[in-house]
Amino acid sequence: MAKVYVFDHPLIQHKLTYIRQKDTGTKEFRELVDEIATLMAFEATRDLPLDEIEIETPVSKTKSKVLSGKKLGVVPILRAGIGMVDGILKLIPAAKVGHVGLYRDPKTLKPVEYYVKLPNDVEERDFFVVDPMLATGGSAVEAINSLKNRGAKNITFMCLIAAPEGVEVLKNAHPDVDIYIAALDEKLNEKGYIVPGLGDAGDRLFGTK
């Protein structure tokens, strides 16, 4: 079953407070999302495999560890997920970046895929699917479906704020996908917004309404 990690790090909690505040402007909001994504990536990459190599310091030869060269990918769900990409790439700059675009069908209210662009070697990479919000869970489930349908086998989902309802939907749909969350909020309201949440992450990132 999927593991769910909810972060309690003081720096993440501090920065979350400011992105929640309604009077935080677009520039500061973007910077904070970027910083939180970096902090989350630090923890989410804890289990990356290592190799031991021999190096020479100014004092002597020694054995030291390096990443094993495992291929990684970051896939933001358009459009708000883009705000988390640069923060992750600061730690793992060699990761390839794909994109998944979804829109909500006005009749069924279900997410529909309209754009997918992934690295060619999908089956060889471990992917981080990122989106600031996990509300109903529909978009996350469909985005992960898109990757799996194209051969992805190892996927982790990362978001800033989640509702319990969305977490359960994602866990049930993809029990093999671990979930990293900066904050687990109270509930969804009748409009499908996370409470207390932070409003529309895409609008706040890009200055749209």
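I take helices (H or I, at least four residues) and strands (E, at least two) as DSSP runs, numbered from the N terminus. The model is a predicted one, in which local features need pLDDT of at least 70 and side-chain atom pairs count only at pLDDT 80 or more, while totals for chains, interfaces and linings use all residues. Residues are numbered from 1 along each chain as its sequence is written, and side-chain values use heavy atoms, with hydrogens and water left out.

**Entry: Val-85.** I began with helix H3 (residues 82-89), where Val-85 is found. I call a residue buried under 20% relative accessible area, exposed over 50%, and partly exposed in between (1.4 Å probe, protein chains only). Val-85 is buried, because its relative accessible area is 8%.

**Entry: the annotated region.** The UniProt record, an unreviewed entry, carries the annotation "domain: Phosphoribosyltransferase" over residues 6-208. UniProt positions are given in the numbering used here, feature names are shortened, and annotations may be inferred rather than shown by experiment. Over residues 6-208 I find the chain to be 33% helix and 33% strand, with the end C-alpha atoms 29 Å apart.

Entry: I count two strands as paired if DSSP finds at least two bridges between them. Strand S4 (residues 71-78) runs parallel to strand S6 (residues 99-104), and 2 bridges join them; Ile-77 has Val-100 in S6 as its bridge partner. On S6 I then followed the pairing with strand S7 (residues 111-117), which is antiparallel and has 6 bridges. There Arg-104 stands opposite Pro-111 in S7. S6 and S7 form a hairpin with 6 residues between them, and in the turn Leu-109 has a positive phi of about 65 degrees.

**Entry: strands S2 and S3.** Strand S2 (residues 50-56) and S3 run antiparallel and are joined by 7 bridges, and the hairpin between them passes through 4 residues. One of the pairings I noted sets Ile-55 against Thr-62 in S3.

**Entry: helix H4.** Helix H4 (residues 138-149) has 12 residues and reaches 16 Å from its first C-alpha to its last, close to the 16 Å expected at 1.5 Å a residue; the expected span is 1.5 Å times one less than the number of residues. Within H4 I find Ala-140, Val-141, Ala-143, Ile-144, Ser-146 and Leu-147 buried. Just after H4, Gly-151 takes a positive phi of about 110 degrees.

**Entry: salt bridges.** I count a salt bridge when a side-chain nitrogen of Lys or Arg is within 4 Å of a carboxyl oxygen of Asp or Glu, and my search of the whole structure finds 15 of them. Side chains of opposite charge can pair when their charged atoms come close.

In helix H2 (residues 26-44), Lys-27 and Glu-31 lie 4 residues apart, about one turn of the helix, and their side chains meet in a salt bridge at 2.7 Å, N to O. Lys-27 is exposed at 59% relative accessible area, whereas Glu-31 counts as partly exposed at 37%.

Asp-121 forms a salt bridge with Arg-125, with the closest N and O atoms 2.8 Å apart, and both Asp-121 and Arg-125 are buried. I also noted that Lys-71, Asp-121, Glu-124 and Arg-125 are linked in a network of salt bridges.

Glu-123 and Lys-153 meet through their side chains in a salt bridge of 3.9 Å, N to O. This pair links distant parts of the chain, 30 residues apart, with Glu-123 in the loop between S7 and strand S8 (125-130) and Lys-153 in the loop between H4 and strand S10 (154-162). Glu-123 counts as exposed at 56% relative accessibility, and Lys-153 is exposed with a relative accessible area of 52%.

**Entry: a nonpolar patch.** Val-4, Val-6 and Leu-184 make a nonpolar surface patch of about 220 Å². Patches are made of residues with over 30% relative accessible area and no salt bridge, like charges being joined within 9 Å and nonpolar side chains (Val, Leu, Ile, Met, Phe, Trp, Tyr) within 5 Å. Accessible areas come from the Shrake-Rupley method with a 1.4 Å probe, and for residues only the protein chains shown count as cover. Leu-184 is found in strand S11 (residues 178-184) and counts as partly exposed at 42% relative accessibility.
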